[in-house]
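Subject: Structure for your study

Dear colleague,

Please find below the structure that I am handing over to you. I would ask you to look through it before you read my notes.

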Amino acid sequence: MPQSLAPSDPTVREFEATVASVDGPDVVLDDTYFYAESGGQPADRGTLAGTTVTDVQHRDGDVVHTLESAPDLSAGDTAVGVVDDAFRTYCMRAHTASHALYGAGREYLDDLGYGGFNIDSEKVRVDFETSTDIDDETLVDLERLVNRVVWDSLSVSWEEVPVEEARSREDVAFNVKTEEGVFSDSDTVRIVTIGDSDTPFDVAACGGTHVSNTGEIGPVHLLGRSNPGEGLTRVEFAVGPTAIDRRAEERRATLSTARELGTSVSKMPEMARNLRAKTESLEAELSDLKRGVLAARLAGLDAVERDGVTWRVGTVDGFGPNDVGDAAKDVVGDGTDVVVVAGQEGSTFVVVASTGDVAAGDVVTELTDAFGGGGGGGPTFAQGGGLDADPSAVVDAVRR
Ligand SMILES: [Zn+2]
């Protein structure tokens, strides 16, 4: 039964093979160096007998190459396969980076287990089973250690070992999805080791394609984390051009922020904290001042006497219903029985505060009956919104 030779010989990019069968655009070879999509690593791209390979899948124990069009091939023919170098190289580096990241996780994460893995053309994700909360600090630690391991240029090696032996080793992380096909019909599993076998940085059971030295991975840039499910933390990262571009983008933003703040990058957090405290204090001060202005405005509204009740009625500008309501409550009493204030925030609103002799809710109901909108309240306080009239028309109606 033909299996892909890609995991054991990932550097082969061009090979000759004998065609085992052809079914429309689907071709099976006696041997192939194309990687069939499996366990989070995408299928290889390339050409077979000069025709573009659009997909490679495991099917019924075979590796099936699906071509762009039905080829002029028959069983027994010899065909040349060419694996797309750029994409395969990207996958090998990205895949090995995921092992290095998992190895870094062994250093920083508690109760670690393997939760899943996926490569796409922009980014790679690794799902950790862990009880550790992967916060910003941990993310930075993980990224730093992965890049350190790249710099340290550790060897990456792989060998087939009996499944039972692999299962009994506690230090082996299982990429179960990649291996499920292999487990079901094989007695051995591929073990991938980063570093020397006596003191490895990471050991994993994995059927993907890997580089032979971590130095080949290049810069690794962590993009972020999320929680895809209970007990799982997903960490996404980029390698290659995407990593380089993202790093440049973040560097540009950081430098630009430091320039705007008039400080250095290392002093940015302190500066941001100071600015936030200052803003909060200014906002509190401004809010006090506005409340004072509003109170003075409402206290200065013309008083209207009617049936022995003193009304203060008017409009305000630049304040919302909540602020106006609080201020109106303060004005009621001490010679004022009812305060009616209309204003605008999106639409026209009206606020009524009362000692209770005149029911505030009734005033609002009368106004919303006359001008539309809605609202309500009790005897001492009520408000309405969405009135279809200018604030001045609303208070004119109250004065009449
Ligand atoms: Zn792997």
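The notes below set out what was found, topic by topic.

Please keep in mind that this is a predicted model.

The zinc site

The zinc ion is held by four residues: His 95, His 99 and His 210, each through its NE2 atom, and Cys 206 through its SG atom, at 2.0 to 2.2 Å. The angles among the four donor atoms run from 92 to 120 degrees, and the site is tetrahedral. Along the chain, the donors are spaced as H-x3-H-x106-C-x3-H. Within this set, His 99 and Cys 206 link distant parts of the chain, being 107 residues apart. His 99 belongs to helix α1 (residues 85-108), whereas Cys 206 sits in the loop between β12 (202-205) and β13 (220-229). His 99 counts as buried because its relative accessibility is 6%, under the 20% limit. Cys 206 is also buried, with a relative accessible area of 1%.

The domains

The domain assignment divides the chain into domain 1 (14-83), domain 2 (89-261) and domain 3 (292-399). Between the C-alpha centres of domain 1 and domain 2 there are 29 Å. How many residues of each of these two domains are in contact? Six residues of domain 1 touch eleven of domain 2. The size of an interface is often given as the accessible area lost when the parts come together. For domain 1 and domain 2 this buried area is about 660 Å², with carbon and sulfur atoms giving 52% of it. On the side of domain 1, Gly 39, Gly 40 and Gln 41 lose the most area to domain 2, and together they make up 60% of what that side buries. The count of salt bridges between domain 1 and domain 2 is zero.

Salt bridges

In the whole structure, 13 salt bridges are found. One of them pairs Asp 127 with Arg 125, their closest N and O atoms being 3.3 Å apart. Asp 127 is buried at 3% relative accessibility, while Arg 125 is partly exposed at 21%. Another joins Asp 288 to Arg 291, with 3.4 Å between the closest N and O atoms. Both residues lie in helix α6 (residues 268-299), three residues apart, which is about one turn of the helix. Asp 288 is partly exposed, with a relative accessible area of 47%, and Arg 291 is partly exposed, with a relative accessible area of 47%. A further salt bridge, at 3.3 Å from N to O, brings together the side chains of Asp 396 and Arg 399. These two are in helix α9 (residues 391-399), three residues apart, again about one turn of the helix. Salt bridges with shared partners also join Arg 125, Asp 127 and Arg 234 into one network.

Backbone angles

Most residues other than glycine have a negative phi. Ser 153, which is not a glycine, has a positive phi of about 50 degrees. Ser 153 is in the loop between α2 (136-151) and β9 (156-162) and is partly exposed, at 37% relative accessibility. Asp 307 likewise has a positive phi, near 50 degrees. Asp 307 is placed in the loop between β15 (303-306) and β16 (309-315). Asp 307 counts as exposed because its relative accessible area is 76%, over the 50% limit.

Yours sincerely

Definitions and conventions. Residues numbered from 1 in each chain as written. Predicted model: local features only at pLDDT ≥ 70, side-chain atom pairs only at ≥ 80, totals over all residues. Heavy atoms only, no water. Donors = N, O, S within 2.8 Å, 3.2 Å for Na, K, Ca; no water. Tetrahedral: all angles 85-135°; square planar, octahedral: opposite > 155°, others 65-115°. Helix = DSSP H or I, 4+ residues; strand = E, 2+ residues; numbered from the N terminus. Buried < 20%, exposed > 50% of the residue type's maximum accessible area, 1.4 Å probe, protein only. Domains from an automatic or database assignment. Contact = heavy atoms within 4.5 Å. Buried area = accessible area lost by both parts, 1.4 Å probe. Salt bridge = Lys/Arg side-chain N within 4 Å of Asp/Glu carboxyl O.
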